[in-house]
Structure formats: C-alpha cells, structure tokens
Amino acid sequence: MSRLFGTDGVRGVANTELTPELAFKVGRAGARVLGALGEKKAPLVIGRDTRVSGTMLEAALIAGITSAGRDAVSIGVVPTAAVAIVTRRTGAAAGCMISASHNPIADNGIKFFGADGFKLSDDVETAIEAALDDDRDTRPTGTGIGVARVALNLAAHYYDALYEHAADLSGLTVVVDAAFGAAYAIAPYVLRKLGATVHELNCEADGSRINVQCGATDLRALTRRVQEMIERGEGRVVGVAYDGDADRALFVDETGRPLTGDHVLLVLAQALQTSGELPGTAVVGTVMSNLGLQEALERLGIRLVRAPVGDRYVLEVMRGGGYTLGGEQSGHIVDLRRNTTGDGPMTTVTLLSILCASNMTLHERAAAMHSYPQVLLNVPALKNNALDDPAVTRAIAAVEEQLGGGGRVLVRASGTEPLIRIMLEGEDQAEIDRLADHLAAEIKAASAGPRA
C-alpha cells in the first residue's frame, strides 16, 4: 500500500482524492490510535481554514471520530498553530487541522497533532494508516458513541499565547495580507490589541479565493500596498503575509522590499543570541536556505544546521539537537519557546516586538544578510522516476561543475505536490536562470517518456 500521509499530513483534491469517505476513515482510525495513547475521555480538537471543502471534510472527520467513541471539539476557522496550542493547553487527546496550507483552492488536507502539540511521528501515522480498514472492533452504541460540539471560546488559549511575550507595537503601521485564509480575523485583531495601526488586505473568510495571487505565496499585492503607503508618507509601514493556514509568515520592510524566511530567521537568531536563548549557538535551516544566511550567521558566531526541506524535518533536527529556533525560506518559522509548530501570527508578534524593543527598523535588521541570487522552478512530475533518468543525472552533475564553489544546485521531488522542484543559487542571475531552464528541459523530457 502506498503511504497515505505525506510530509504534511493527508492531502489531495477535495471530493475526488480526499473524499468524505476517506476523511471518515482517517477520523475513525486517528481517534482509535491517538485515543489509545492518551486520556480515555479526552476529546480531539478540530480546526480548519476557509476552504470551501472544509466544512464537508470536517463533518466527515468528526463523524469518524465520534463513531470510534471519542468526543470531538470544533474550534472553527483558526491557524494551524492554534490547534497545536489548544490541544496542548486543554489536555486534548490530539488535534486535527483541515487545510492544504499553501496549495490551490481545490486541494485540502488533514494533519494531526499529538497531545503534546507536535506533529505525529512516522510510526504513529503508519499505525493510523494500518487501522483505516480495520473494523474488527465493534462500533460503540448508545452512550458509548462520541459527542461532537462547537467551542469557539477555546481559541482564547491561542490569543493568550500571542500576548504573553509581546511588546507594545504602538507607532507601527502593519499591512496584513491574510490570503483569505485562516488568519483573516485573528492576525489583525491581535496586532490592533498590541497597539499597531492595521490595514487589512485579503482579510475575508473567502475560501473561494484562498492563496490566489495573494498572501505568502504571492507578495506582489502586499508589496504594492506597502510601497504606496510609504510614498504617501503614512509613517513606519511594514507588511506581513500569511498562507492559507497561516503557518507561514513573510514580510515587506519599511522600504517596500520583500523579505524571505531567511531574513526573519536571521533577525530572530540575533535577538535570541543576545538574550542567551539560543542553545548550541545554532539555528536550523534547510538545504534551500540562502548561502547569504549562513555567512551572516557565521559573522555573529552562530552555526546554520541544514535539514531536508519541510518544516517537519526542520523540527526533527531541532528536537534531536536541542535547538530552539529553525525555519525555511518560505516563511515557516519554528520557535520552540513559543509553540511546537510553524506559527505565522506568533512569528509576526515576536519579530515586531523585537523591532520595537530595539528601536531598529526591519530593513536595518535584515540588511545584515547579503542574499545570493536564486532561481526556483517547478516542473510537473509526470513520472515519479524522472530524477533517476541518466540524462537528468548527467545534467545536474554538469551544472554543479559549472557553478563550482560559487553556487549550489538542488533538485528534488516535492513532498506536498506532484512537482519536481529546481533551485539554483549563484552570483550571476543570468547564468543560474539559463542553467535552471536547461535542467527543467531535461526533466520534462525524462517525464515525457522514453527518449528517441
């Protein structure tokens, strides 16, 4: 049987790949496996983003959970990170988030958190998969059936966590692009409560437009808005953008310049080092992290430990090495002082608090990093074994030789979408653009089938 769980839960096109029937099975199997690991009467917490298919899958998932004799508590539309915090702070048996994060509108997904707020291990996910079609246990009846209820007030635990270590943000003007997703209400509300002046962009609960030319997957609209406000002289303006489930946050600085997650990681790392909260004097990035980040950290006496792409792998390396801070270029930042998973609103509050406490601008903080030009290309993976094609292997080796020590090349299969991702990094943008196009052509040819 092929593995159902990918690098970030179960994902697919809602109602064709990720069907209500499958969601029911996942809910039932998840409740049985996760319920056996914790307190017998503890419920499972359910959150979702704004996708049109979310309520359909939520109903099916909850039906599966309650059919296994476990209670389910829906906390409505919330960021993924809120599910992790609510699960941990209320003593729930597990948490479930219904979202496909940055994926297109038609997709959706289901991911679980254990009672400790961390994503599940491969072994637990395998146990859930094995239980999908196992009906040996008699279904409970009568009072043995689980109960489902709505408890929107539980999101207060997440608000409390956001406020706990925040500074006064008065004097800051923040443009928030919520990508029509899970942070559409929470992020603007929290920032206003902390004193910031907030301008909302794509902050509506409209799952029919989630991630469409907006948010962390497309910073153009946010960048334009920030630049317009700067030109009008509207004070100290920064922008923040989230993806569909708000586990990512990307920023636009006070000059209207878009920043990557590498810049955010650098700013946070320096602050944690200054406060003595950076165990091992190291942060965890990925193989995609810009060489400029590594050099900037080295100048501060901080090591960059690289993990495979994916926030779950960043987290594995962090926990294995006892590190506090890790993240990705895409804006996933994991700060184990604050939460157990990527948390866009928490990253925002932490970063802006650092700026206000230091009386420095985001632009000044991020300027310590020289970003090497990068090019990222996605090639549809028509054949899973395209990367094993000898011509592709030779082409990658030739590009590596041409770049030498002045650049990097990374070609990998996506863990969340049917794509092969190409990343090249070097000093000459024109050169890496040309080399990336060459690699993309070789991969497309390999995916198309046998060569003549």
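Residues are numbered from 1 along each chain as its sequence is written, and side-chain values use heavy atoms, with hydrogens and water left out. Because the model is predicted, local features need pLDDT of at least 70 and side-chain atom pairs count only at pLDDT 80 or more, whereas totals for chains, interfaces and linings use all residues.

The largest pocket holds about 1,100 Å³ of space, where a pocket is an open set of points on a 1 Å grid over the protein atoms alone, reached by a 1.4 Å probe and with protein on both sides within 12 Å along at least five of seven lines, and where the volume is the space filled by probe spheres set on the points. Its lining, made of residues with an atom within 4 Å of a point, comprises 46 residues, and those closest to the centre are Arg-248, Met-288, Ser-330, Leu-376 and Arg-421. Two or more lining residues come from each of α8 (261-274), α10 (311-321), β15 (374-380) and β17 (419-426), these elements being DSSP runs numbered from the N terminus (helices H or I, at least four residues; strands E, at least two). The largest share, 5 residues, belongs to β15.

Helix α4 (residues 122-130) has Val-124, Glu-125, Ile-128 and Glu-129 as its buried residues, buried meaning under 20% relative accessible area, exposed over 50% and partly exposed in between, with a 1.4 Å probe and protein chains only. Seen down the helix axis, these residues fall within an arc of 145°, so they line one face of α4; the arc is that of the directions from the axis to the C-beta atoms. On the other side of α4, Asp-123 and Ala-130 are exposed.

Most residues other than glycine have a negative phi. Gln-213, however, has a positive phi of about 50°; this residue is exposed, with a relative accessible area of 60%, and is placed in the loop between β8 (197-201) and α7 (220-231). Thr-281, in the loop between α8 and β11 (282-286), likewise has a positive phi, near 45°, and counts as partly exposed at 33% relative accessibility.
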